[in-house]
2 protein chains.
Amino acid sequence: MPDALRRFKSEIFQALANPTRIAIVELLSEREISAGELIAKLGMEQTNVSQHLAVLRARQIVVNRKVGSQVFYSLRDPVILEVLAPMRRYFHQHLKEALSILDEIEKAPVESGE
Amino acid sequence: MPDALRRFKSEIFQALANPTRIAIVELLSEREISAGELIAKLGMEQTNVSQHLAVLRARQIVVNRKVGSQVFYSLRDPVILEVLAPMRRYFHQHLKEALSILDEIEKAPVESGE
DNA sequence: TTGACATATGAGAAAAAGCGAATATTCTGA
DNA sequence: TCAGAATATTCGCTTTTTCTCATATGTCAA
């Protein structure tokens, strides 16, 4: 695969490589939401959320629609959700492992030297 | 969804948010490959590839197996490929758009000022 | 037009990622 | 044990990301 394609692909991953932006995409998976409502739901700085939206816009993950002074955001292409779906399965599995490791650590005898 | 889970998820995306690491995962999708062969195929600095492998290891995307002085890498969980698959569909679609825009630019009359 | 609201943009600081050079580690074979 | 091969790690340096503060833009209602 040519390098240009890999760069293109990695840019899309990068758009999702941030907890806030993942939260935004997940919120938008159900329905169109205004910038203001996103800010409220995320409980973050207006300016910061706006910048994350700019990133998602630049990568064309989301599109927007102005209604008066409000701006409504939605996913441009629901196929992006099909990327998130197997990811969910993937991390659930790994999270289970991570948790069970934590479990073992907690159950381990204290005098073992950890 | 709790923030910790989003952070966990975004870390996996971040592991894939780099052209070289995508190349590595794609190479490993077929079979186990040694570090040396990966370096050769990628045509990059040994030290750099090794660092990218460290990132993929830290995120547990890959696992390794030592054989003598060589180290063979493979995907820990093929489910990761199911994340890449819909991504392929997604970016193909968008790439088509991007290319058709390029097409239009090239076909556009020169005297239009571009 | 003015004031208030909703949203976007820009600048600058801090943190993280990426890279190459040098160095360390581990293994093998003589 | 020593030399050399394969791989990993550390260190500076540059670039990118993320955040906050300040400011700009656009819209509505009075």
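Of the interface residues of chain B, 97% are also interface residues in chain A, so the copies meet through the same surface. The model behind this picture is predicted. The contact draws on 31 residues from chain B and 30 residues from chain A. On the chain B side, α1 (3-16), α2 and α5 (79-107) each put in at least two residues, and α5(B) gives the most, with twelve. Sorted by class, the side of chain B that touches chain A has 17 nonpolar, six polar and eight charged residues.

How do the copies sit relative to each other? In general, two copies of a chain are related by a rotation about an axis and a shift along it.

Turning to the fold, chain A has an open sheet of three strands in the order β1-β3-β2, with antiparallel pairing. Its edge strands are β1 (33-34) and β2 (62-67) of chain A, each of which pairs on one side only. β2(A) and β3(A) run antiparallel and are joined by six bridges; along this pairing, V62(A) stands opposite L75(A) in β3(A). Helix α2 (residues 19-28) of chain A lies across β1, β2 and β3 of chain A, and runs at about 85° to β3(A).

In chain B, strand β2 (residues 62-67) and strand β3 (residues 70-75) likewise pair in the antiparallel sense, over six bridges. K66(B) has V71(B) of β3(B) as its bridge partner. The hairpin of β2(B) and β3(B) has two residues between the strands, and G68(B) takes a positive phi near 65° there.

α2 (residues 19-28) of chain B packs against α4(B) at an angle of about 70°, with the two axes 10 Å apart. α2(B) and α4(B) are therefore roughly perpendicular to each other. From α2(B), the contact uses T20(B), R21(B) and I24(B), and from α4(B) it uses H52(B), V55(B) and L56(B). By class, these contact residues of α2(B) and α4(B) come out as three nonpolar, two polar and one charged.

Now for the DNA. Around DNA strand C there are 23 residues, and A35(A), G36(A), T47(A), E45(B) and G68(B) come nearest. α4(A) gives the most, with six residues. By class, the surface near DNA strand C has five nonpolar, 17 polar and one charged residues.

DNA strand D has 25 residues around it, of which T47(A), G68(A), G36(B), T47(B) and Q70(B) come nearest. Two or more residues of its surface come from each of α4 of chain A and α3 (35-42), α4 and β3 of chain B. The element that gives the most is α4(B), with six residues. This helix is also the partner of α2(B) in the packing described above. The surface near DNA strand D divides into six nonpolar, 17 polar and two charged residues.

Technical notes
Residues are numbered from 1 along each chain as its sequence is written. Chains are lettered from A and ligands numbered from 1 in the order in which they are written. This is a predicted model: local features need pLDDT of at least 70, side-chain atom pairs count only at pLDDT 80 or more; totals for chains, interfaces and linings use all residues. A residue is near a molecule or strand if its C-beta atom, placed from the backbone, lies within 6 Å of it. Helices (H or I, at least four residues) and strands (E, at least two) are DSSP runs, numbered from the N terminus. Ala, Val, Leu, Ile, Met, Phe, Trp, Tyr, Cys and Pro count as nonpolar, Asp, Glu, Lys and Arg as charged, and the others, Gly among them, as polar. Two residues are in contact if their C-beta atoms, placed from the backbone, lie within 7 Å. Axes are lines fitted to C-alpha atoms, for helices over the stretch in contact, and angles run from 0 to 180 degrees between N-to-C directions. Angles under 35 degrees count as roughly parallel, over 145 as roughly antiparallel, 65 to 115 as roughly perpendicular and the rest as oblique. Two strands pair if DSSP finds at least two bridges between them.
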